[in-house]
Amino acid sequence: MRVLFATSEVFPLIKTGGLADVSGSLPSALQHLGVDIRILVPGYTAVLNALTDLHHLAHLAHLPVIGHAELLLGTIQETQVKVIVIKAAGIYERAGGPYADANGLEWLDNPVRFGVLSKVAAILGGPNSPLTDWHPNIVHCNDWQTGLTPAYMKLVEHAQAKSVISLHNMAFQGCYAPSWLPTLGLPSTHFNPEGLEYHGQLSFLKAGIFYADSITTVSPSYAKEIQTPAFGFGLEGLLSKRGNELKGILNGIETKEWNPKTDPHLVKNYSATQLAGKKQVKAALQERLGLEINADAPLLGVVSRLTHQKGLDMLAPIVPQLLDAGCQLALLGGGESELENAFRHLARNHLGRVSVNIGYNEPLSHQIMAGSDMFIMPSRFEPCGLNQLYGLAYGTPPVVNATGGLADSVIDTNIITYKNKTANGFVMSEPSSASLLHCIKQALNVFKNDADAWRQIQKNGMSQNLSWDKSALEYLAEYQKLLA
Ligand code: ADP
Ligand code: GLC
């Protein structure tokens, strides 16, 4: 089994969110199962700097817009997974993020940047590959950034490899003017609703869903949700048409990276059987963030993109009531400026009780996950969500809305789930501020009044197997089905 895993971000080389975590950890889990896997990623400056063993692999010609590119081969040291890097300085080597510049403005040449990524993946899966000794039989694509790959494979490259597309978020689709078709070397004969077109535009994501041999998404609940208008972002019709080929597989976590027993970012490591260390981590976090050092004050943690999806606009208005109930808040995130400002304002007005860090900070994200008493994640939709899984692993029970992967991983605490030891968090009844407040208050009730019960809920989450063990096998079965 040889798999090319094409992605626009991969931890620890380049990361904006959960896609990077999955792209770092799933290939590694598959490699442990004996799959010969290589990751394909654009040669952003950060990627070229992070891989120290890069060497020439091949030259590619006839690429859209840029003509030529070089392929380099390197290894991610942490996992020993091989990475093929597309070296194309003109489109990838620049300051800023993978999708946008430092001010958050999308790169205007994103259709080229990700058109080229898609095209290279398709070439490597087909008869025109310049690689003589490695031909994948599966090309595994992720999100709109590699959405054109299955289309190139079928319509242009006549590739022998099978294609899989994993949907990590239907909210981002990569829709561009139809004039991009000839530029990207796609046949205009397929620009219609039964093909590449989505309401007059070229849609990278639709192309992927339409032409892929198999479609997966990152939780069973999200697989159902995206076949409905409320969650499908306009592609629910196509998704339900292809419902038989659509499978939801819950993400796992990289237990080497996210493990309170070994996490190097913490002042003290701890585990389900030695929870005392978590108190020291909390005190260190309170100190670092300028919060009052108080073991009894329930500390609510948030690490998140600040966007409509994540529902944190439901949290901001109830912060004063939560502070009245004795809570502290530690938030790390970035995104929509209105939300950033609302939280900055709360921090200014409640010094010592509310800490807000706007920006991206990997060590602090681990410290908040470990040092908080509960993790707040009221997402309106959540394909899988990794942070609630990290919360479970760190004895930080998540408070979540019942959607997508949150619904599939967090089990609400009630008399039945408490008794059968499955309760691992708290689940809102609907996405609203009132419901979030009610849910946090229920959690506070246990936290403040029943230490044994709280410890049990923590332990239930911490003793779950959240690794890729099971889900990686499901991907392997999916590949095997395609090749059978
Ligand atoms: P999404 O991919 O939708 O943003 P996930 O929960 O799947 O949500 O994954 C988010 C990942 O990004 C997690 O690893 C989380 O810790 C990380 N993350 C999000 N915001 C920040 C931030 N401001 N600083 C550090 N890490 C962050
Ligand atoms: C997306 C989703 C998130 C998921 C991640 C990895 O960013 O928003 O829910 O966990 O992809 O699959």
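Colleague: How many nonpolar, polar and charged residues does the shell around ligand 1 have?

Modeller: First the sorting rule: Ala, Val, Leu, Ile, Met, Phe, Trp, Tyr, Cys and Pro count as nonpolar, Asp, Glu, Lys and Arg as charged, and the others, Gly among them, as polar. By that rule, the shell around ligand 1 has 10 polar, 6 nonpolar and 5 charged residues. Bear in mind that this is a predicted model, where local features need pLDDT of at least 70, side-chain atom pairs count only at pLDDT 80 or more, and totals for chains, interfaces and linings use all residues. As for bookkeeping, residues are numbered from 1 along each chain as its sequence is written, chains are lettered from A and ligands numbered from 1 in the order in which they are written, and side-chain values use heavy atoms, with hydrogens and water left out.

Colleague: And which residues are the closest to ligand 1?

Modeller: A residue is near a molecule if one of its heavy atoms lies within 4 Å of it. Here 21 residues surround ligand 1, and the closest are Gly18, Asp21, Arg305, Lys310 and Gly359.

Colleague: Which side chains have an N or O atom 2.8 Å from an oxygen atom of ligand 1?

Modeller: We call it a polar contact when a pair of N or O atoms is within 3.5 Å; within protein, one must be able to donate a hydrogen and the other to accept it, and residues adjacent in sequence count only if both atoms are side-chain atoms. Lys15 has a side-chain N or O atom 2.8 Å from an oxygen atom of ligand 1, and Lys310 has one at 2.8 Å too. Asn387 puts a polar side-chain atom 3.2 Å from an oxygen atom of ligand 1.

Colleague: How much of the accessible area of ligand 1 does the protein cover?

Modeller: Accessible areas come from the Shrake-Rupley method with a 1.4 Å probe; for residues, only the protein chains shown count as cover. On its own ligand 1 has 560 Å² of accessible area, and the protein covers 93% of that.

Colleague: Which elements give two or more residues to that shell?

Modeller: Helices (H or I, at least four residues) and strands (E, at least two) are DSSP runs, numbered from the N terminus. For ligand 1 the list is helix H1 (18-32), strand E13 (299-306), strand E14 (328-335) and helix H14 (387-393). E13 gives the most, with 3 residues.

Colleague: What surrounds ligand 2?

Modeller: Ligand 2 has 14 residues around it, the closest being His168, Asn251, Glu382, Cys384 and Gly385. A backbone N or O atom of Cys384 lies 3.0 Å from an oxygen atom of ligand 2, while Gln309 has a side-chain N or O atom 3.1 Å from an oxygen atom of the ligand. Taken alone, ligand 2 exposes 310 Å², of which the protein buries 93%.
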